[in-house]
Amino acid sequence: MPLDGNGGYTVRRYTLDFDWQAPKTPFAAATTISATATQALSRFDLDFAGNTLRGVTVDGAPAKTARQGDELIVTPAKPLERGRAFTVKVTYTADPTQHRHRTDAIQDYGWVPTADGTVLSPQPNGARMIFPADDHPSLRAPFTFHITTPPGLTAVANGRLVTRAPQQDGRVRWTYDSEHPVAPQLVQLAIGKFDVVDGTGPHGLPLRDVVPEGLVAETKAYRSLTPDHLAWLEQRLGPYPFRRYGVLVGDTELPVALETQSLSVVPSADLLGDQVSAERNLVHELTHHWTGDSVAIRRWSDLWLSEGHARFYELLYADTRGGPSLEDMMRSAYEQHDQWRHDDGAPAEPHEEGLFRQMRYDGSALVLYALREKVGADTFERIEKAWVTTYRGRVAGTGDFVRLASKVAGQDLTGFLTPWLYGSHTPPMPGRPDWRVDPVEEG
């Protein structure tokens, strides 16, 4: 995805102003971006797709614009010198029906309409359908959300509710602060007839579940397990890295759950089925808050670090709760690994169209399983805690992981991990000489 993200500036804050009207109905929107020029700029780009542009100003002065595909090219009235702080305001008409389709696990992404509102599923690069952005997984900034809704609806977003202000016309203006920098792909903004269920997690962590009316009781049993999931993961990965957490129950056609930061969106069907499957999804999205949200990936080819960790701990948890055994799941993944490499690229060398296919999930969890078999469970746990502690709130990639794992293990693991991450064939599994890889089938 070479055109994702932009150079020449650093975003310091996004402020989104949405004047929501009704499901699947266009509405007035504005995004204000506070940024700093990292080089002299006569023009700059924003990632922005498909909405009707109304106007752009830079520091209050009208700017010239052009659109090329997903790029909004902004030419300010006066060039920006390096180091200068500046503010861009983009006004537009937002279309809450806009989405795109992928052929991997993501399927439809962007706006996800519901019966009475919307939820967001921006991963991997769908934020640009919702607001103009520097849309790359490594680029994060704090967000302020101002959402005005008709009476009877609730708006929620990442982070903390700052104010709920009734307007003279009966509408309500909701303001949220993200509390932490957020990558555009992890932004959540949901509107609907919701009940907000507050709770408390380990160490007094505020919990906030957002549930469509009528599903509170039906989803309570599995939602109430979040404190246990947090405690289990904190034992393995250290303290939870954000100021609050919660589950947003998506009562709509969502193909997958998504780790939108501090408020994971989980399809209602996932919370109305069997407990093992529900907990696998809940633990998976929660794990992402350590690996993927707090420790952001440097580039999309590092996605294995995010999805592989989430799948590994999902399976490790399920192994102790009546689910399939971790060893059985990893043996199955091992048998298919050459096929996945052939079809969708090695774990750290994906094909764009297969970015979110099985290799980035079970196939990448297998790399972590192999590392644990190589160094032992105790050393592996020290590597994992060091990983999420060293890079908490930072960006990291595959090379960073290999170097850190080598340092913690006291041995150079480059020669071991490189063929696992980049090779065209799956290496032998340490301690499992009887494991075999199935031959690749062309087609």
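This note sets out numbered points on the sheets, helices and individual residues of a predicted model.

1. Basis of the model. The model is predicted: local features need pLDDT of at least 70, side-chain atom pairs count only at pLDDT 80 or more, and totals for chains, interfaces and linings use all residues. Residues are numbered from 1 along each chain as its sequence is written, and side-chain values use heavy atoms, with hydrogens and water left out.

2. The eight-strand sheet. Eight strands form an open sheet in the order E5-E4-E8-E2-E1-E12-E15-E14, and their pairing is mixed. Strand E5 (61–62) and strand E14 (160–166) are at the edges with a single partner strand each, so one side of each has no neighbour in the sheet. Strands (E, at least two residues) and helices (H or I, at least four) are DSSP runs numbered from the N terminus; two strands pair if DSSP finds at least two bridges between them. Strands of a sheet pair through backbone hydrogen bonds, either parallel or antiparallel.

3. Pairings of E1 and E2. Strand E2 (residues 27–37) pairs with strand E8 (residues 85–94) in the antiparallel sense over ten bridges, and Thr36 stands opposite Ala85 in E8. Strand E1 (residues 9–19) also pairs with E2 in the antiparallel sense, over nine bridges; here Leu16 is opposite Thr31 in E2. E1 and strand E12 (residues 143–149) run parallel and are joined by six bridges, with Asp19 opposite Thr148 in E12.

4. The three-strand sheet. A further open sheet has the order E3-E7-E6 with antiparallel pairing. Strand E3 (44–47) and strand E6 (64–68) stand at its edges, each with a single partner strand, so one side of each is left without a neighbour in the sheet. Neighbouring strands of this sheet are turned by 25° against each other on average, direction ignored. Four bridges join E3 to strand E7 (residues 71–75) in the antiparallel sense, and Leu46 stands opposite Leu72 in E7.

5. Helix H4. Helix H4 (residues 303–319) has 17 residues and spans 24 Å from its first C-alpha to its last, close to the 24 Å expected at 1.5 Å a residue. The expected span of a helix is 1.5 Å times one less than its number of residues. Of the 17 residues of H4, 16 are buried, so this helix is largely enclosed by the rest of the structure. Buried means under 20% relative accessible area, exposed over 50%, and partly exposed in between (1.4 Å probe, protein chains only).

6. Packing of H4 on H5. The axes of H4 and helix H5 (residues 326–344) come within 8 Å and cross at roughly 140°, which makes H4 oblique to H5. Phe312, Leu315, Leu316 and Asp319 of H4 make the contact with Leu326, Met329 and Met330 of H5. Axes are lines fitted to C-alpha atoms, for helices over the stretch in contact, and angles run from 0 to 180 degrees between N-to-C directions. Angles under 35 degrees count as roughly parallel, over 145 as roughly antiparallel, 65 to 115 as roughly perpendicular and the rest as oblique. Contact means heavy atoms within 4.5 Å.

7. Packing of H4 on H7. H4 and helix H7 (residues 377–390) pack at an angle of about 130°, with their axes 14 Å apart; H4 is therefore oblique to H7. The crossing of H4 and H7 is left-handed (the near helix is turned anticlockwise from the far one by less than a right angle; right-handed if clockwise). Leu305, His309, Phe312 and Tyr313 in H4 meet Phe380, Glu384 and Trp387 in H7.

8. Asp378 and Thr154. Asp378 lies in H7 and is exposed at 65% relative accessibility. Thr154, found in strand E13 (residues 154–157), is buried, with a relative accessible area of 14%. Apart from neighbours within four places in sequence, Thr154 is in contact with Trp174, Ala190, Ile191, Gly192, Phe194 and Val196.

9. Backbone geometry for review. Most residues other than glycine have a negative phi, and most peptide bonds are trans. The peptide bond from Gln123 to Pro124 is cis, with omega near 5°, and Pro124 is in the loop between strand E11 (118–121) and E12. Lys24, in the loop between E1 and E2, has a positive phi near 60° and is exposed at 56% relative accessibility. Ser262 has a positive phi of about 75°; Ser262 lies in the loop between strand E19 (247–250) and strand E20 (264–267) and is buried, with a relative accessible area of 6%.
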